[in-house]
Every structure is written in structure tokens, then in C-alpha cells.
Amino acid sequence: MLEKLSIGAWRVAGAYCTLAKTGLQVRLVSSAMDKGSNFFFRQLFDTVSSTYSYLLGDTQTREAVLIDPVLEHAERDAALIKELGFKLVYAMNTHMHADHITGTGKLKGLIPDTKSVIGKASGAQADVHLNDGDVVKFGKHKLLATATPGHTNGCLTYICHEQGIAFTGDTLLIRGCGRTDFQEGSSEGLYKSVHERIFTLPDHYTLYPAHDYRGQTATTVGEEKKYNPRLTKPLPEFVNIMKNLNLPYPKMIDKAVPANKVCGLHY
């Protein structure tokens, strides 16, 4: 169901709304939040690994967090944060990546007092280790760390209930999901994580993945429950699909995983 809003009542980026006078349905993606809101959102992209990074901030307190930064774009991200007048409180990862080196460690050097954040179950070094149910606060806003293992043991989905959005990492992609054939992967575990921790969110929640390889930027819980070609299948069929993907060995894994175990500083 589409939420009907007047022009002066825009809600969260990625939400659907209807212009009151025209009836035109518009989807807001990668934009500042609604008029009167102090929630800032910016989606960033790495063309080499097709990784999305997300800058979230409080426009009143100027505190911000950056989710899934990429090493090669640390200077870009630091410059943007400084230009916008934000103070980066946390540089955080959804999991220990195998396809790129995190920019977290380098950002800590570029922006003093930034703390690194990752799930405790990842086994990676960080200033802050999160467990299921922990909350990350920046200004008046907060992200709920929700354990969604399956792609890796330490995968977390960060949920912002006030904005109706979630950052799913590699656990749930747009019409897909992360592979489960390395790094403690478990098809059964991933299926359970998605169905019990993500698909139980309201259908209108907008989901932002760590990657997309076809140019899409976001999806919704309702869309993925209906259209995801893997996760709409019964568990045995899903497991069979994942066993027969026949994907190539990740070209960056031997370099990325050791580096990401130490906050991206060993490379």
C-alpha cells in the first residue's frame, strides 16, 4: 500500500509517496529526508566491487555514521563528511567483507575520534563489537543491530525503525542474497535469518543492500517477499539453488579477509 503524502510532508528516502494534487507516485532514493526532519541519508557507490556505502547523520547534532566504507574511497568519504559539516562517530560494517577492503581503518586516521564497529561474531578487530540487539546511536537517531548470519557468522542487519529502513549487507540483496559457500556460510542459516529477522519487518520498510550488480539502489520487504527468486522458495529448494550456483572463487577474498580482520589496515 502506498502512503499518500502532501508535497510538504515527504518522509524517508526510498519511501513511496503520492503527490496530493497529481496522484503521481514518486520514490525518493538517496536524498535528504523530509521537510522538518533532522535525519540525513546519502547512498555512495564503488564501481569496482559494486559496493554501496551509506552516510547517515543528524543535521542538528551533526553526528554521523558510515556503513560499509570502501578503502579506495576513504578520502572521498572523509572529504564529503567534512564538507557537509558532520562529525563521523562510527565507521561500521555489516560483516567482514570478502570482495573489498573496508575503509574503516583509514577513515579513523583521516577523521580523528571515529570508532570502528562490527559484529562480535565476525572475529574482526574493532573499537566496538556489537551483539544481537545492541543499538548504535548518532544524535537523536539509532540503528538496531540485528544478527542475520548465513553469508558469514558475523552478519548484521542495521534497522532504523523510526525511518522504516534497514541495511542488510550481503544477507539480502535486491532479488538475490549473498553466497554461502565460504566464510562460515550456511544456506539454512541465511534462509532462517531472512525469513525470521528481515521478512518479519513491515512490508513498506525500504531495504538497502551492500551490493547491487544491475543498477538498482533499494528494495522493500514486501517486494522481496513476493519477487525474490531464491528466498520465496521452500527451504529445501533454496538450499539446492545455493549448492548449484557454481560461482567462481572470489578474486579479492585472499587479500580482503585478512585485511578486514584488522580493520582494513593490513594490505
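Modeller: The largest nonpolar core of this predicted model has 23 residues, a core being a set of buried Ala, Val, Leu, Ile, Met, Phe, Trp, Tyr and Cys residues joined through side-chain atoms within 4.5 Å; buried means under 20% relative accessible area with a 1.4 Å probe and protein chains only, exposed over 50%, and partly exposed in between. Leu 56, Val 65, Ile 67, Met 92, Leu 143, Tyr 158 and Phe 167 are the members with the most contacts inside this core. At least two core residues come from each of strands E4 (39-46), E5 (51-58), E6 (63-67), E7 (87-92), E10, E11 (141-147), E12 (156-160) and E13 (165-169), where strands (E, at least two residues) and helices (H or I, at least four) are DSSP runs numbered from the N terminus. In soluble globular proteins, nonpolar side chains tend to be buried together.

Numbering starts from 1 along each chain as its sequence is written, and side-chain values use heavy atoms, with hydrogens and water left out. Since the model is predicted, local features need pLDDT of at least 70 and side-chain atom pairs count only at pLDDT 80 or more, whereas totals for chains, interfaces and linings use all residues.

Once residues up to four places away in sequence are set aside, Val 65 is in contact (heavy atoms within 4.5 Å) with Tyr 54, Leu 55 and Leu 56, with Leu 88, Tyr 90 and Met 92, and with Val 136, Phe 138 and Leu 143.

Asp 132 counts as partly exposed because its relative accessibility is 43%. Apart from neighbours within four places in sequence, Asp 132 touches Ala 145, Thr 146, Ala 147 and Arg 197. With two of these residues the approach can be described in more detail: the side chain of Asp 132 reaches the backbone nitrogen of Ala 147 at 2.9 Å, while a polar contact of 3.2 Å links the side chains of Asp 132 and Arg 197. A polar contact is a pair of N or O atoms within 3.5 Å, one able to donate a hydrogen and the other to accept it, and residues adjacent in sequence count only if both atoms are side-chain atoms. Lys 120 is twelve residues from Asp 132 in sequence, and their C-alpha atoms are 9.2 Å apart in space.

The helix is H6, spanning residues 253-261, in which Ile 253, Ala 256, Val 257, Ala 259 and Asn 260 are buried. Lys 261 also belongs to H6, but Lys 261 is classed as partly exposed because its relative accessible area is 41%. Leaving out residues up to four places away in sequence, Lys 261 is in contact with Met 96, Ala 124 and Gln 125. Of these, Met 96 is 165 residues from Lys 261 along the chain, yet 7.1 Å separates their C-alpha atoms. After H6 comes Cys 263, which has a positive phi near 65 degrees.
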